[in-house]
Amino acid sequence: MTNVNRYNRQTVLPEIGAEGQENLTRANVLVIGAGGLGCPVLQYLAAAGIGTIGIVDNDDVDVTNLQRQTLFTTAQQGQKKVDAAKNYLEALNPDIEIRAIPERLTADNALNLMKDYDIIADGTDNFSAKFLINDAAVKLGKPVVYGSILGFEGQSSVFWASQKDAPCYRCLHPKMPSGYVPNCAEAGTIGALAGIIGSVQAMEVIKLAAPHETLKPLTGKLWVIDAHTMETNSYSISKNPECPVCSKKPEEIKLEDENISSCAAIPSIGIAESKNKQDAIFIDVREQNEWDEDHIEGALLCPLSVLTEGTEIPIEIPSDKTCIIYCRSGKRSLKAIEILTERGHSGLINLSGGFIAWSQAA
Ligand SMILES: [Zn+2]
């Protein structure tokens, strides 16, 4: 009964109407990640009356989230994000079902978590999760509404490889990138851009859930916005006949947890604080030519290119001293720390802002 007025502003649209609203009510959508992208996706889907919404996230609300994750309040720090989100969304729209799933998506649980939903919305912020979501969705034949932001650039698309000629995410990115994967605080973003991309994703979910001949989802297209200028572009992406995932039969697709840890777990140090660390050892992971131009006095050179080759580490890394790892801007150093940590070195600290920030502070 409450529905008539609640959804009036969208049901008056001929493209939606009563039938479209029925479709939205019947839809099951899984939103993976209740972060910068997931929050606006969830907010607009709940408001639009998507009948069942699952939320997968195992993080707690942290003060650094509040700059862009608009479902959470200062007082909710420390609460499970899925619980805080569920509370908010149920207050917004009590007529729908919200399922809070406080888990991290893994190769083991992905199929099980995703199988009961019609549409998957990807609100994650790292390549490993995006690959896993893609591979599981291709295996299950489900559409993924993709979103991603980095700095001032945002992207969205709909990957639905079981549709004729439609590509999957791996048609665009066949493999995990081998260099630094900016997936955390180091990359930085403006909350409003997450809001823009999350809103685009919510729009795409609604178009998939309530199809109409005039509504064309971003299947086979990558929509990109550069928030520096607000210029937008839409690129065609075609299905790659050699795609490592969607060219296979569903039963041949194997799910794996890609071994790239979240750099959120890597401790970092600011320039001023690092300059006060008298006994710390600085390790420069830039390349030889960059080192030759200039470097921190007393530092050791250990280029990332050498580390990624997997050969012997060219320097002795002292285990009894604080080791601060730096590169040009603080990104390659994160990758270097991941590699060194995998090889048994612990307690390595990333120099925030890298050599650029160091030189500017000199
Ligand atoms: Zn593919």
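Which residue lies over the face of Trp 358? Lys 275 does, at 4.3 Å from the ring centre. A charge counts as sitting over a ring if NZ of Lys or CZ of Arg is within 6 Å of the ring centre and within 35 degrees of the ring normal. The charged end of Arg 286 is placed over the ring of Phe 355, 4.5 Å from the centre of that ring.

The model is predicted: local features need pLDDT of at least 70, side-chain atom pairs count only at pLDDT 80 or more, and totals for chains, interfaces and linings use all residues. Residues are numbered from 1 along each chain as its sequence is written, and side-chain values use heavy atoms, with hydrogens and water left out.

A zinc ion is held by four protein donors. These are Cys 168, Cys 171, Cys 243 and Cys 246, each through SG, lying 2.3 Å from the ion. Donors are N, O and S atoms within 2.8 Å of the metal (3.2 Å for Na, K and Ca); water is not among the atoms, so sites may look incomplete. The angles among the four donor atoms run from 97 to 122°, and the site is tetrahedral. Along the chain, the donors of the zinc ion follow the spacing C-x2-C-x71-C-x2-C. Cys 171 lies in helix H8 (residues 169-172) and Cys 246 in the loop between strands E8 (231-236) and E9 (268-269), so this pair ties together parts 75 residues apart in sequence. Helices (H or I, at least four residues) and strands (E, at least two) are DSSP runs, numbered from the N terminus. Both Cys 171 and Cys 246 are buried. Buried means under 20% relative accessible area, exposed over 50%, and partly exposed in between (1.4 Å probe, protein chains only).

The largest nonpolar core has 42 residues. Such a core is a set of buried Ala, Val, Leu, Ile, Met, Phe, Trp, Tyr and Cys residues joined through side-chain atoms within 4.5 Å. Leu 45, Ile 50, Ile 53 and Ile 55 touch the most other members. Among the elements that give two or more residues are strand E1 (28-32), helix H4 (38-48) and helix H9 (191-209). H9 gives the most, with eight residues. Ile 50 touches residues including Leu 24, Val 29, Ile 96 and Val 205, leaving aside those up to four places away in sequence. Contact here means heavy atoms within 4.5 Å.

Eight aromatic pairs are found in the whole structure. Rings of Phe, Tyr and Trp (its six-membered ring) pair if their centres lie within 6.5 Å; planes under 30 degrees apart count as stacked, over 60 as edge-to-face and the rest as tilted. Tyr 146 and Tyr 169 form a tilted pair, 5.2 Å centre to centre with 40° between the planes. This pair links strand E5 (residues 144-150) to helix H8, with the two residues 23 apart. Tyr 146 counts as buried at 3% relative accessibility, and Tyr 169 counts as buried at 3%.

Most residues other than glycine have a negative phi. Asp 165 has a positive phi of about 65°. Asp 165 is in the loop between strand E6 (153-159) and H8, and is exposed at 54% relative accessibility. Met 230 has a positive phi near 65°. Met 230 lies in the loop between E7 and E8 and is partly exposed, at 47%.

Technical notes
Four donors count as tetrahedral if all angles lie between 85 and 135 degrees; four count as square planar and six as octahedral if opposite donors are over 155 degrees apart and all others between 65 and 115; anything else is irregular.
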